[in-house]
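Please find below a colleague's note on the model under review. The points are numbered and may be read alongside the coordinates.

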Amino acid sequence: GVITNAGGAVKVQILPGQENYPAVNANGIQSQVLSRWASSFSVTAGTKSTALEAVGRSVSTARPSTGKRPKKTLDKKAGNKDCKADIAFLIDGSYNIGQRRFNLQKNFVGKVTVMLGIGTEGPHVGVVQASEHPKIEFYLKNFTTAKEVLFAIKELGFRGGNSNTGKALKYTAQKFFSLENGARKGIPKIIVVFLDGWPSDDLEEAGIVAREFGVNVFIVSVAKPTTEELGMVQDIGFVDKAVCRNNGFFSYQMPTWFGTTKYVKPLVQKLCSHEQMLCSKTCYNSVNIGFLIDGSSSIGESNFRLVLEFVSNVAKAFEISDIGSKVAAVQFTYDQRPEFGFTDYVTKEKVLSAIRNISYMSGGTATGDAISFTTRNVFGPVKDGPNKNFLIVLTDGQSYDDVRGPAAAAQKAGITVFSVGIAWAPLDDLKDMASEPRESHTFFTREFTGLEQMVPDIIRGICKDFLDSKQ
């Protein structure tokens, strides 16, 4: 890497093939690119103003306008496509770590960001500082190149205060990954927590919140508490309780902040191992929900609209996409009419519009046949897919045929069945259809207007089943 000075602004130009590696010369001494991010992050007096000037510029103007090798820049802009991840680095800014080690931590995080291969199509990163109160320093959307991120990290000021890592982790899980702040749909969300010593608050609850939000938590602990310090640690097992999964993959140990270069690559490899990101899967983005809707003549057009509203409100809660959750609907009388299948619509808007457009059939009630039809034709094609399958049966009356056999076959095929009865639907039928434990999978309301209150309970029930199946 070379530093050129064009038009008064400092440029760090990375030569082809060096994008992801610290530049080291023949004597094993790091060349200028990374020596500028040395532990003290000192910038010589002569270049300080120009270096800062470069930060404020937009990417396009900060590049030499020679028009040479445009192809290479495009590739570099895209970043490492094999490592699609949205990553928050939660750095320790407490008095525990102190100013000097804080700078070494920034240096280490800088090296990790360079090796990740940040780019529009690759990983995106942001930084949150944990101290007395957490502070989001920059979001995923703020910078799209490693160079910009390095500048931003270099500028971070040390905040001090207690290391309330639990508070910061919870805050990051809840606030950092919103779509408006640059989180991308269907891409693993990761928080890498850096901890010098130990947290001064509880990490367990924060870990649970992060898992509920579908965030993979990694803990990089540096300088473990010494024997005499252990008495000050609230919970010695804090690492295992906070990480995404207590399987060794999500925790990473470094003995000290000095000489950390050798730890960069193994950490980057972990952050890019998508198949291991078990917590990205949540009930909201990993289920198939089939609705079996009674269209019999006892319901009537206006009540049928209330049923469709219920279906919409349940569907609305889930992240519907080609790689997320999917929804299908079948209407039945004596016959069955598939309204749409799991792969027909891959956006929430289209699914909701398809539900609104379902027209009322009117006729008899053969619920058993309808369950068999749906198991075979709607769930059959997706039975080997990654999502967990749910069927919600909505009916207002007694079925003319047996429901027990078809419901048992559906459950045997891996489909969890919720039964929702309205008005004259007999409780025995509803219980015979529902999955175990039947109490929590059977719902009933006298009036069609009562469907609205059931929505949160159904969603919660789906999420509970989803989590239980993953344990």
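This is a predicted model: local features need pLDDT of at least 70, side-chain atom pairs count only at pLDDT 80 or more; totals for chains, interfaces and linings use all residues.

**Notes on the fold and its packing**

1. Helix α6 spans residues 165–175, and its buried residues are Thr165, Gly166, Ala168, Leu169, Thr172 and Ala173. Buried means under 20% relative accessible area, exposed over 50%, and partly exposed in between, with a 1.4 Å probe and protein chains only. Viewed down the axis of α6, these buried residues fall within an arc of 165 degrees, so they line one face of the helix; the arc is that of the directions from the helix axis to the C-beta atoms. Helices (H or I, at least four residues) and strands (E, at least two) are DSSP runs, numbered from the N terminus.

2. Residues are numbered from 1 along each chain as its sequence is written, and side-chain values use heavy atoms, with hydrogens and water left out.

3. Against which elements do the buried residues of α6 pack? Their partners are the strands β3 (86–92), β4 (124–130), β6 (189–196) and β7 (215–222), together with the helices α7 (204–212) and α8 (238–242). Contact here means heavy atoms within 4.5 Å.

4. An open sheet of 6 strands has the order β5-β4-β3-β6-β7-β8, with mixed pairing. Its edge strands, each pairing on one side only, are β5 (135–138) and β8 (251–254). The twist averages 20 degrees from one strand to the next. Two strands pair if DSSP finds at least two bridges between them; β4 and β5 do so in the antiparallel sense over 3 bridges, and Val127 has Phe138 in β5 as its bridge partner.

5. Two helices pack on this sheet. α6 touches β3, β4, β5, β6 and β7, and its direction makes about 165 degrees with that of β6. Helix α9 (residues 261–271) touches β3, β6, β7 and β8, at about 175 degrees to the direction of β8. Axes are lines fitted to C-alpha atoms, for helices over the stretch in contact, and angles run from 0 to 180 degrees between N-to-C directions.

6. Another open sheet comprises 6 strands in the order β11-β10-β9-β12-β13-β14, with mixed pairing. β11 (336–340) and β14 (442–445) are its edge strands, each pairing on one side only. β10 (residues 326–332) and β11 pair in the antiparallel sense over 4 bridges; Ala329 has Phe340 in β11 as its bridge partner. Helix α10 (residues 301–316) lies across β9 (287–294), β10, β12 (388–395) and β13 (415–422), running at about 175 degrees to β9.

7. The count of aromatic pairs comes to 20. Rings of Phe, Tyr and Trp (its six-membered ring) pair if their centres lie within 6.5 Å; planes under 30 degrees apart count as stacked, over 60 as edge-to-face and the rest as tilted. Phe108 and Trp257 have ring centres 6.5 Å apart and planes at 65 degrees, so the pair is edge-to-face. Phe108 lies in helix α4 (residues 98–116) and Trp257 in the loop between β8 and α9, so the pair ties together parts that are 149 residues apart in sequence. Phe108 is buried at 0% relative accessibility, and Trp257 is buried with a relative accessible area of 2%. Phe89, Phe108, Phe194 and Trp257 form one aromatic cluster.
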